[in-house]
Amino acid sequence: ECSEPNSVRCIREVCETVQPKSILEIGFNLGYSASLWLHFTSATLFSVDISNKRETLAAAATLTERYPDRFTFLCCDSFKLLPKLEGKKFDLIFIDGGHLDEHVMNDIRVAQALDIPNLCFDDWLPQFGPGVQPSIARYKLKVVKVMGNVALAKWK
C-alpha cells in the first residue's frame with residue numbers, strides 16, 4: 001500500500017528526481033498514491049482505474065473536490081485508454097494497475113504511445129508484481145532507481 005511510510009518516501013523521492021508537471025496514474029484504487037502525487041508536487045494528475053466500486057469513486061470525488069484544477073479521474077480499462085488521452089501530454093506515468101505481464105506491457109505501450117519519458121512502477125518486487133520486471137526487460141527500459149518496491153525507469 002502507498003500509505004506505508006516507505007511508499008511515502010519512495011513517491012517523494014520520485015517527485016524530487018523527476019519534478020513532474022503532469023502525471024498519468026494507472027491504478028487509483030482508494031487514492032493513496034494519488035494523494036501523495038498531489039501533495040508532493042504542483043503537477044496535474046490524471047488517474048485511471050477500472051474499478052467503479054463505491055470506495056474508489058468516493059475517493060476520486062474527494063480529490064476532485066480538493067484539487068479541482070489539478071486532478072482528473074477516469075473509470076476505464078487501461079486497454080481502452082489511449083483514444084481517451086488524445087492530445088494530452090505527461091512527463092511521468094505511475095504504473096500500478098494489473099500486475100500480470102499483459103497488463104504491465106499494455107501500460108508501458110500507453111506510455112510509449114504518449115511519449116512519456118519517465119515511468120514509475122509500483123510492485124517492483126516479483127512477489128507483488130510478477131509482470132513488472134519481465135515487462136521492463138522486454139521493453140529494454142533503463143531502470144534509473146529502485147526504492148524498495150518502487151522503480152523509476154526511462155527509455156534507453
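How many aromatic pairs does a search of the whole structure find? The search finds 5 aromatic pairs, where rings of Phe, Tyr and Trp (its six-membered ring) pair if their centres lie within 6.5 Å. The structure is a predicted model, in which local features need pLDDT of at least 70 and side-chain atom pairs count only at pLDDT 80 or more, while totals for chains, interfaces and linings use all residues. Residues are numbered from 1 along each chain as its sequence is written, and side-chain values use heavy atoms, with hydrogens and water left out.

A pair of aromatic rings is described by the distance of the centres and the angle of the planes. Planes under 30 degrees apart count as stacked, over 60 as edge-to-face and the rest as tilted. Trp 37 and Phe 94 form an edge-to-face pair, with 5.2 Å centre to centre and 65° between the planes. Because Trp 37 lies in helix H2 (residues 32–40) and Phe 94 in strand E4 (residues 92–95), this pair ties together parts that are 57 residues apart in sequence. Helices (H or I, at least four residues) and strands (E, at least two) are DSSP runs, numbered from the N terminus. Both Trp 37 and Phe 94 are buried; buried means under 20% relative accessible area, exposed over 50%, and partly exposed in between (1.4 Å probe, protein chains only).

Phe 46 and Phe 90 form another edge-to-face pair, at 6.2 Å centre to centre and 70° between the planes. Phe 46 is in strand E2 (residues 44–49) and Phe 90 in the loop between strand E3 (71–75) and E4, so the pair links distant parts of the chain, 44 residues apart. Phe 46 has 10% relative accessibility and therefore counts as buried; Phe 90, at 7%, also counts as buried. One aromatic cluster is formed by Phe 28, Phe 71 and Phe 73.

Strand E7 (residues 150–154) is largely enclosed by the rest of the structure, because 4 of its 5 residues are buried. Two strands pair if DSSP finds at least two bridges between them. Strand E5 (residues 118–122) pairs with E7 in the antiparallel sense over 5 bridges, and Asp 122 has Val 150 as its bridge partner in E7. Strand E6 (residues 142–147) also pairs with E7 in the antiparallel sense, over 5 bridges. Here the bridge partner of Lys 142 in E7 is Lys 154. The hairpin of E6 and E7 has 2 residues between the strands, and Gly 148 takes a positive phi near 65° in this hairpin.
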